[in-house]
Amino acid sequence: MAGRGTAQRPNGAGAAGKICQFKLVLLGESAVGKSSLVLRFVKGQFHEYQESTIGAAFLTQTVCLDDLTVKFEIWDTAGQERYHSLAPMYYRGAQAAIVVYDITTQDTFSRAKTWVKELQRQASPNIVIALAGNKADLANGRMVEFDEAQAYSEENGLLFMETSAKTAMNVNDIFLAIAKKLPKNDQAGGGAVGQGGSGSRRLDEGGAGSQGSTGKCCK
Amino acid sequence: MPLENSYNSNMTDYVEVREGFLCPVCMKDLVTFEQLQTHFEVAHNTEEDGAAFRHLKELLGKAKKKILKDPSIDSASSDEGTNDRSRGGATSAFDPSAWEVQEFGASSSHTEYFKQVRDSRVDRFVVETNKLLLRLDKLIVADVAGDTAKRKASEKDIVPWVPDQDVHYCLICGIRFSLVKRKHHCRLCGGIICSKCSVYLPFAYARKLTNPAFALEEPKQLGVSSLPRTGSSGSLNSMTNAEGEQHIRICTECRRLLDRRDQLIEQRTSKPIIVQFYERMKVAVDEVEKGVEVYTEMANSLSLGETRFELAEAQKLNVRLAKLYETIDVISKKIAALNMGDEVAPHAQQARLQRCVRLYAAAFLQERGAQGLRGWAPAAAAVTTSGVDVDPMLQQMSIIRDYIRKAKQARRFDEVQMLQANLEELQVEYKRQQRRLTAAS
């Protein structure tokens, strides 16, 4: 067990053997396609009639960047208002958040904006926020202009993409973009806002995963 | 043409060679083609000449028929006045539609002959090369560096030199030796060559050839110094080059044989890149095989509540396995993509091999359940929404508990840990909420 990790990996096999783990949370109005987006990303599937999420669903997915592996611990929150109280528990310790709206409904965009505001106020200051304009395949019924959302994202320093869980457009891209933007060398995440906030953890370290050691990643 | 005529008249005494537009019948020179034609038509249009001409034509016609397997050949040959018929046959023979399909003729295999020739040739090469290598071995072992006379003597002792006076031309390029073109002896075959046809063979390269293991000790780029140098055979600089490295003069023929040998050794020892990749992948695969076994044991023991293994250990192993899976995935993808982007596409067989390796790896990963790299989610919790007014916090807690159970079942211990952390968080939050509520009321 001792000689494990980077030493054993053949050189140039495309990875220096780092695994970074990040907590990512999805937020947004109900029925904008948060679960579909995650399902597309995690399992490559799409269900036309996705049931509405209860509480928060948990999924994981690993993506490979150039020389490191990023493991996403994804919390897909329910969009319904009655579960709103749960959301802070999930975004508090998160290093990344995707705020989703539906491009065919103006209201969902407004709601997305409130989510962004809430995140900026309450979540970790280093949190990477991405804005996803979902259902881009329904561009005929578009109510939210691309430029409008783009401008808003630039203003607020968000990653922005229009996505479609149905056609898989930009789905992997947005997660990859987040993975790239996440800090991997410094005190990542800074998820110490909540008491249980677990920063990104380096898994190939002996004491990996112990809750106390927050935010030491890939040093 | 007049020139040829005069030439003819002068040379007729010697040889019966005549050129020009000569009449085939009377051998008269007609100077131009037109004149020859008219002469032939006018002077030789007699009955006998005509008959001779027809006879010639008939013969040609028969030959043509024979080639085309005309069954009328026998009857035609018996008939004397077949002039017109044979001519007609000849013209019909040029009509491609009238041709029959040709049968595949007799064939014979020359493979055996080819093998025989090749084997004898290869044998010759091998024998020759072995002889050279034996000599080379002796030459480089005889360590009399510095003492030129002694060295020369020992070299001559090992390989008998061709005497200087016997040779006047270079063995290879055939140039005549002179005061400026000096003679040189090849230390391996003893032949005399010119400076241009000789090269210096460094001892390092020689050692690599005589003892392949030597090459491994010294991975330095070895090669024959390409700078042929003039200088008397006795001078010191014909033994050592600029760097003071020892070398001997050999002819390009011997060099060719040695290079051939070198190539063979290289081919036998060096592995193509795909093999190197594959071996690396295989190492990972073997490691996974072992790791999975241990991991299953650990997981079983842990789920039974034994304390033989620690959870952290199992987690570490799981991560390591995930990495190995990834390694296999990456390498196999590399193999599949090998040379694919090149201008010259890899050979079909090569491409197939690459594809197969990738398929094997993919199948292996799938079989081993390398879900470490794939997304995972606990099966949708069958939430018993016993009333809409259930506190979402409590609801979520039960969801998480269900997730934990499922994650444990799937032996995804790192996920269990995450979920457990979340559950604790929820519990703390819930208690705080309750306290606040009681305080308010």
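In this predicted model, the axes of helix H8 (residues 203–210) of chain B and helix H10 (residues 252–269) of chain B come within 10 Å and cross at roughly 55 degrees. An angle under 35 degrees would count as roughly parallel and one of 65 to 115 as roughly perpendicular, and H8(B) and H10(B) are therefore oblique to each other. Their crossing is left-handed. On the side of H8(B), the contact is made by B:Tyr205, B:Lys208 and B:Leu209, while H10(B) contributes B:Leu258, B:Asp259, B:Arg261, B:Asp262, B:Ile265 and B:Glu266. Sorted by class, the residues of this contact comprise four nonpolar and five charged ones, with no polar residue among them.

H11(B) passes H12(B) in a left-handed crossing, and the residues of their contact divide into 21 nonpolar, four polar and five charged.

The two pairs are set side by side below.

| Helix pair | Angle | Axis distance |
|---|---|---|
| H8(B) and H10(B) | roughly 55 degrees | within 10 Å |

Of the 441 residues of chain B, 34% count as buried, and the chain exposes about 28000 Å², of which carbon and sulfur atoms supply 56%.

In chain A, one residue can be described individually. A:Asp107 is found in helix H3 (residues 106–122) of chain A, and its relative accessibility of 57% is the reason why A:Asp107 counts as exposed, the cut-off for that class being over 50%. Although A:Asp107 and A:Val144 are 37 residues apart in sequence, their C-alpha atoms are 9.4 Å apart in space.

Conventions: Residues numbered from 1 in each chain as written. Chains lettered and ligands numbered in written order. Predicted model: local features only at pLDDT ≥ 70, side-chain atom pairs only at ≥ 80, totals over all residues. Heavy atoms only, no water. Left-handed = near helix turned anticlockwise from the far one by under 90°. Helix = DSSP H or I, 4+ residues; strand = E, 2+ residues; numbered from the N terminus. Nonpolar A, V, L, I, M, F, W, Y, C, P; charged D, E, K, R; others polar. Buried < 20%, exposed > 50% of the residue type's maximum accessible area, 1.4 Å probe, protein only. Areas by Shrake-Rupley, 256 points an atom, 1.4 Å probe, with all protein chains shown as cover. Axes fitted to C-alpha atoms, helices over the stretch in contact; angles between N-to-C directions. Parallel < 35°, antiparallel > 145°, perpendicular 65-115°, else oblique. Contact = heavy atoms within 4.5 Å.
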